[in-house]
Amino acid sequence: MSEHLITPEAVGAPTAHCASCPIYNSAQLVKLGIDITGYDYVVALAGNPNTGKSTVFNALTGLRQHTGNWSGKTVSRAEGGFRFRERRYKLLDLPGTYSLLSTSTDEEVARDFILFGRPDVTVVVVDATRLERNLNLALQVLAITERVVVALNLVDEARRHGIEVDARSLTRDLGVPVVPMAARRGEGVPELLAAVADVASGAYPTRPRRLPLRDPEIERAVAALTPQIEAAFPGLPNARWVALRLLDGDESIARAVADGTLGAAVAPPPLPVAA
Amino acid sequence: MTLADLPLGARAQVLALGGAGAERRRLLDLGILPGTVISVESRSPLGDPTAYRVRDTVIALRREQAARITVRSEI
Amino acid sequence: MSNPSAEQILADAARLRHTVGGSLHDSVTEAIYTDAAQIADRAVTRDGQRAAFSLDRAIDRVVTSPIWGFPIMVLMLMGVFWLTIAGANVPSAILGELLTGQLYAALHAGAAAVGAPAWLSGLLIDGVYLATAWVISVMLPPMAIFFPLFTLLEDLGYLPRVAFNLDRLFKGAGAHGKQSLSMMMGWGCNAAGVVATRIIDSPRERLIAIITNNFSICNGRWPTLILMGTVFIGATVAPGLASLVAAASVVTVTIIGIFTTLIVSAVLSRTMLKGEASTFSLELPPYRPPRVLQTIYTSLIDRTMIVLWRAVVMAAPAGAVIWLLSNITVGDASLAGHLVNFLEPLGWLLGLNGVILLAYIVAIPANEIIIPTILMLTLTLGRSQLAQAGVMLELEPGMIGTVLTELGGWTALTAVNLMLFSLLHNPCSTTILTIWKETKSLKWTALATLLPVALGVAVTFTTATIARLAGWV
């Protein structure tokens, strides 16, 4: 716990380009109004409303942002920073949403940030008392980015309600680290920091669960479209998800394909030496 | 019958979802799908909206939204 | 980077969309939820003995019941204000004695000892220091109690239940269901409330929420109401009941604010912003026991201190301005005297006075400094010579009443109308700027600014006229 501090002082941009180098998209982040000067990694915080997302944010950053208890409370993104194992992390609180599919303003903000901002890690805060509903969002995030850590929050409250959640079973199913925590009491915070650091550095290679489609017609259409998208945007980590959005008639994704801005979702190939 | 017809405390299974566009999508994203079990939790003092428990979350819907959700009552 | 095959991809997507039919969204959502349910089933074990959330259900049945729903809301508000008023009395008196009594005298003694010129010690001590000291002694104690209490209600999960109870009224007014949430955010700060209207997707309903947000009493205005309620309303009854009656008067103004919000919303949605209320869904989050100590700490740091700091920053220059206005003499009177005399007839018509109107002009940057400004102006312009002599500056609530009635000629009507005018006047400059940023429209910003003032003038004129015709004052 002693390692996480707010680091107001600015240092140079990420130093080395290597296998564990940051993937965040600084140009795009600047466009989204986020200053990443002095930070090594960018971490986004996603989750359903009322899952204790802001509490996790505060536990990580040490900030005392007031946490409200109603949907849509986090209207604008909150920003903070923390330091762990000699690395500086910028943390962004995304609006709480139930889904990323129905394009309300909140959902678009959250989705665009994960897609185009390419955070090094996206922490999905999941409410242990309402797992099924919360996994719905987690599965959607996994379709956009593989660099995910699931913060299984409110395990203390779940226990009070007679609910026990097996984090290892979840880790197996989701293919990403799942950290049980009670953020209000600070329980699980060191473990979450370690998991975030491991995913950011690549020490923990995630194997995210694929978005299930079930319907063979849809699966066929997605399979037909995905290679084309991959050809047009080489290295795109979420071509399958983009294909699905295009099939669903998502206009903002169609625009991003048409004008090439979807290219922002592609991480540059690792360079041996930085300029 | 529709969700709006259910009395306080009743449980029902969703059969179909009416409506269209963004509004319908919102209901789907809230986890209201055919087969979902919904229970009636509480009603506003003025009679509308009504709070329903859907997948362990309590969500308030106005009458006209609830009336677009066809359900089969369960005991 | 425009890719040549982008059109091809989009054309293919359009073609394939026909093969999958119109139910893709349903099918995908269902697939994800089914998967989520299976994963959850594998991971979760439930203790069948304990019925989950049955306590939540029981509480909700009470706080949203047809009989108890509304009384509980009023009682909650009453409780918060009663605790605030009853608890703030003693610390306010102590702070007043300390800051505007002993320290004030010590500063003057110090200034005299180093031989500071009268204009300098006047400007700095009687102007800047005194305004700041008053802001702190009048505002700090009630805010240090009010904000933690309100934050506890918020953290408990009660506020969404208020939105649930009020929704039908908002729907009837043609407003969005989430407007009650931005309204309650406005009880903290109107600028924050205006930003919070972003949760409303429909532009029409969002504008209604923005324009009416000012009818939520904010941080800067609670102290005015609490003080007026304590000094003028509470003091009219037996001491045992004083705090309760004072709290009731503040709650009454708050409720008038809610009804004003509803009425103005209804008028707007039938005239300038026509349309039907759009649908909404609101989560009633599980009740979570608040962490009391942490909440008190957080709200003190996050709300009380921030609001107090803003008030101090605004009060210091305002104190200098007031001192200059009061001490620069043109012809037979000070500048402040001329301005107050000029505003006096209008003030009288509204059941207020020239000092209050001038204070509202000086306090456009921040409502927080209304009371200190009124007190300073009343004291310096007072008919009595006491003010010039520099005594009677200790501010405990009883003394404020004496100053205002003896020197300012206040009556109960002045206090009631100040409370109403505090509810119904232009937003502070920060809020106006926020409205402009959010709407980018001169028209709506002007409407949101001027409509409350017009209402305030109309309402206070009406109450003053009625009170005078009925012979109450």
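A crossing of two helices is called left-handed if the near helix is turned anticlockwise from the far one by less than a right angle, and right-handed if clockwise.

1. Ground rules. This is a predicted model, in which local features need pLDDT of at least 70 and side-chain atom pairs count only at pLDDT 80 or more, while totals for chains, interfaces and linings use all residues. Residues are numbered from 1 along each chain as its sequence is written, chains are lettered from A and ligands numbered from 1 in the order in which they are written, and side-chain values use heavy atoms, with hydrogens and water left out.

2. A helix pair in chain A. Helices and strands here are DSSP runs numbered from the N terminus (H or I, at least four residues, for helices; E, at least two, for strands). Helix α9 (residues 239–247) of chain A and helix α10 (residues 251–258) of chain A cross at roughly 120 degrees, and their axes come within 8 Å. Axes are lines fitted to C-alpha atoms, for helices over the stretch in contact, and angles run from 0 to 180 degrees between N-to-C directions. The crossing of α9(A) and α10(A) is left-handed. From α9(A) the contact draws on A:W241, A:V242, A:R245 and A:L246, and from α10(A) on A:I253, A:A254 and A:V257; contact means heavy atoms within 4.5 Å. Sorted by type, these residues are six nonpolar, no polar and one charged. In that sorting, Ala, Val, Leu, Ile, Met, Phe, Trp, Tyr, Cys and Pro count as nonpolar, Asp, Glu, Lys and Arg as charged, and the others, Gly among them, as polar.

3. How the angle is named. α9(A) and α10(A) are therefore oblique to each other. Angles under 35 degrees count as roughly parallel, over 145 as roughly antiparallel, 65 to 115 as roughly perpendicular and the rest as oblique.

4. A helix pair in chain C. Helix α5 (residues 118–156) and helix α15 (residues 370–381) of chain C have axes 9 Å apart and pack at an angle of about 130 degrees, so α5(C) and α15(C) are also oblique to each other. The crossing of α5(C) and α15(C) is right-handed. Among the residues that meet are C:W134 and C:V138 of α5(C), and C:I371 and C:L379 of α15(C). The contact of α5(C) with α15(C) comprises nine nonpolar residues, one polar and one charged.

5. Chain A with chain C. Here 69 residues of chain A touch 65 residues of chain C. About 6000 Å² is buried between chain A and chain C, with 59% from carbon and sulfur atoms; buried area is the accessible area (1.4 Å probe) that two parts lose on being put together, summed over both. Five salt bridges are counted between chain A and chain C, where a salt bridge is a side-chain nitrogen of Lys or Arg within 4 Å of a carboxyl oxygen of Asp or Glu. C:R288 and A:D127 form a salt bridge, with their closest N and O atoms 3.4 Å apart.

6. Chain A with chain B. In this interface 13 residues of chain A contact nine residues of chain B. The two chains bury about 970 Å² between them, 38% of it on carbon and sulfur atoms. Two salt bridges are found across the interface of chain A and chain B, and A:E132 and B:R55 meet in a salt bridge at 2.2 Å, N to O.

7. Two backbone details in chain B. A cis peptide bond joins B:D48 and B:P49, with omega about 0 degrees. B:P49 sits in the loop between β2 (37–43) and β3 (50–54) of chain B. B:D56, although not a glycine, has a positive phi of about 70 degrees.
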